[in-house]
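Subject: Structure handover

Dear colleague,

I am passing on the structure below, together with notes on what was found in it. Please look it over with the sequence alongside, and then read on.

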Amino acid sequence: MNKILDLIFEDVKNENETKKTAVTLRISALIFIGYFLCLMMGDWMNVGGCLVCGVCYVLSFYTTYLDHTRESAWISQILMIVWIILFIVMFGWDCGVQHYLFAFLALNFTVSTAGERRKVLTAVGACALRLALYAYARNFKPYSPLDPGISVLIQILNTIFIFAQITAVMIIFTKDAQKMEQKLVRYNTKLQKLASVDALTGLWNRRSMWEYIRAVEYDYEVGNAGFVSIAIADIDFFKRINDTYGHDAGDEVLKAVAELFMDKMKTYGRVCRWGGEEFLFVFYGRNGDAAYDVLQEIYDEIHRLTVSYENEEIRITMTFGLEEYDKNDGMEMAIRRADEKLYQGKETGRDKIVY
């Protein structure tokens, strides 16, 4: 079974042809070979005609391995039209092969390299052919009418093979499309994350924080947020850390501080890298006093934090400015006032929370 599947799904050697088209044609040919074998074994129709059609589909199957996929596609489609017409003429409308025109359209739209205009014209032509065959069947008797019981059996057989044909074609051509769509979704999600996250610390960047702030402002306006508070923090003497230990050590400090902030702010709101060694906190649903309590916990953790770098133990302090949001002043004013308090704290000795 594995060898058969490997044969069916074997790739094409011609760089100008696609494996997907070749596989579709092979599976389509195999389905029709099975269909004509069933008709011959049941002796329901002309055995010779079914044998010829089966051989032609074997040829169509074989040509897909000879870098002749396009020719195979033409053989398959022309053959389908020819035997549909002949069967209607020979056995009448009740043989039901006119329904294979739907399978023909599915095959044409998936394996044809023609443009959209030509495909639409093909669809119009298939519709016109079906109407013409119906008109012919209404006005002319078949050369070899089918017994009603046999007609029912053939209709059942047609239904099974038509559904098999269309299902196979759709699975082959939608499988890759779905995979590609999922891949694009994952890629876009990744790009979105990269665009919204600071590469060094993993915190939100300034742009994504502004998007969050706008959403918080809206929630506040409609009464969902309750209270909102803003805080800005700055690592004290961060330039001295870079000058003393190097910029790599400074990066390690930033990452350690960011990890602490993310852990502490999980249930309180959001934190971002505002710029350089500055961080912005948005406390959702908390007034200034409640936000101050959270900052005090963070402040205490900062005092206990030790960053190891090349056998050096780096300890830091931070200064915080905290402001409660007032909708009358707006978020920009709240951030500005928090920033003013931060600098007030830095000018009065650093290592403190100014509220």
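A residue is called buried when its relative accessible area is under 20%, exposed when that area is over 50%, and partly exposed in between. Please keep in mind throughout that this is a predicted model.

Let me begin with the overall layout. The domain assignment divides the chain into domain 1, covering 1-192, and domain 2, covering 206-353, and the centres of these two domains, taken over C-alpha atoms, are separated by 65 Å.

Helix α4 spans residues 69-91 and helix α6 spans residues 116-139, and their axes come within 10 Å of each other while crossing at roughly 15 degrees. Angles under 35 degrees count as roughly parallel, and α4 and α6 are therefore described as roughly parallel to each other, with a crossing that is right-handed. On the α4 side the residues that meet α6 are Ile 81, Ile 84, Ile 85, Ile 88 and Val 89, and on the α6 side they are Leu 129, Leu 133 and Tyr 136.

How do α4 and α5 pack, and at what angle? Helix α5 consists of residues 100-111, and its axis lies 11 Å from that of α4, the angle between them being about 165 degrees. Since angles over 145 degrees count as roughly antiparallel, α4 and α5 are therefore roughly antiparallel to each other, and α4 passes α5 in a left-handed crossing. The residues that meet here include Met 80, Ile 81, Trp 83 and Ile 84 from α4, and Phe 104, Leu 107 and Val 111 from α5.

Is Gln 165 buried or exposed? With a relative accessible area of 1%, Gln 165 is buried. Gln 165 and Leu 30 are 135 residues apart in sequence, yet their C-alpha atoms are 9.6 Å apart in space.

As for the cysteines, the structure holds zero disulfides. Cys 50 is in no disulfide, and the nearest cysteine sulfur, which belongs to Cys 53, is 6.5 Å away; Cys 50 is also buried, its relative accessible area being 0%. Because a disulfide needs two cysteine sulfur atoms within 2.5 Å, the 6.4 Å between the sulfur of Cys 56 and its closest cysteine sulfur, in Cys 53, is too far for a bond. Cys 56 itself counts as partly exposed, at 26% relative accessibility.

Finally, there are two backbone angles to check. Most residues other than glycine have a negative phi. Phe 237, however, has a positive phi near 50 degrees; Phe 237 is in the loop between β1 (228-235) and α9 (238-245), and at 40% relative accessibility it counts as partly exposed. Asp 351 likewise has a positive phi, of about 55 degrees, although it is not a glycine. Asp 351 sits in the loop between α12 (331-347) and β7 (353-354), and its relative accessibility of 23% places it in the partly exposed class.

Methods: Residues are numbered from 1 along each chain as its sequence is written. This is a predicted model: local features need pLDDT of at least 70, side-chain atom pairs count only at pLDDT 80 or more; totals for chains, interfaces and linings use all residues. Side-chain values use heavy atoms; hydrogens and water are left out. Domain bounds come from an automatic or database domain assignment. Buried means under 20% relative accessible area, exposed over 50%, partly exposed in between (1.4 Å probe, protein chains only). Axes are lines fitted to C-alpha atoms, for helices over the stretch in contact, and angles run from 0 to 180 degrees between N-to-C directions. Helices (H or I, at least four residues) and strands (E, at least two) are DSSP runs, numbered from the N terminus. Angles under 35 degrees count as roughly parallel, over 145 as roughly antiparallel, 65 to 115 as roughly perpendicular and the rest as oblique. A crossing is left-handed if the near helix is turned anticlockwise from the far one by less than a right angle, and right-handed if clockwise. Contact means heavy atoms within 4.5 Å.
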